[in-house]
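Hi,

Here is the structure I promised to pass on. Have a look, and my notes on its pockets follow below.

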Amino acid sequence: MTLPAVPVSVLPEPPPPAPPSRVERALDRALRVAGGLVTVWAGVLAALLDLIFATWAWETVQGRSGGAQALVGIGLAVAGIAAVAASTVLLGWFAHSSTGSRWAVALAALPWFLVIVVGGFRTTEGDLALAGDNVLGLALIVTGAVTFAVVGFRQIVTPPPAHR
């Protein structure tokens, strides 16, 4: 024997939102392009600040000797590596948020890598921003590269959120 069906009230589907106007689409595109440009310049600025910090911190670490002074050097190294990782994650998040593209992390990563590579070459005056004996600089490169790779991989692999 089957039970009688209980009446269920069903709410009507809400109407779909109106499509954006031409002006709204143009403004959205302009904001996304501006976000991409800001992301590129933020990548360059982050790399320059990373190079400056790595050079300064390495000079500070080399000038330290002894127990307490060595701890200051280790603290600088750990803080610098954490700052590189944090700035890279924030830069990847900003790139994705400002452009709406999953691949936008490349807008920050490519200029960052370019500036880091250029920092490894001597200028005509003999200056070198990232020397081969600079362990903090090498840690900066590895930390930045791995963090950009992980952030990019997560943004590309993670499915987009379902909009209701």
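How much space lies in the second largest pocket? About 150 Å³. Before the rest, some housekeeping: this is a predicted model, where local features need pLDDT of at least 70, side-chain atom pairs count only at pLDDT 80 or more, and totals for chains, interfaces and linings use all residues. Residues are numbered from 1 along each chain as its sequence is written, and side-chain values use heavy atoms, with hydrogens and water left out.

A pocket here is an open set of points on a 1 Å grid over the protein atoms alone, where a 1.4 Å probe fits, with protein on both sides within 12 Å along at least five of seven lines; lining residues have an atom within 4 Å of a point. Volume is the space filled by probe spheres set on the points, which are joined across faces, edges and corners.

Back to that second pocket. Its lining includes Phe53, Asp50 and Ser87, and six of the residues come from α1, the largest share. By class there are eight nonpolar, two polar and one charged (Ala, Val, Leu, Ile, Met, Phe, Trp, Tyr, Cys and Pro count as nonpolar, Asp, Glu, Lys and Arg as charged, the others, Gly among them, as polar).

The largest pocket has a volume of about 190 Å³. Of its 10 lining residues, His96, Val151, Arg154, Gln155 and Thr158 lie nearest the centre. Both α2 (67-99) and α4 (135-157) supply at least two lining residues (helices are DSSP runs of H or I, at least four residues, numbered from the N terminus).

Cheers
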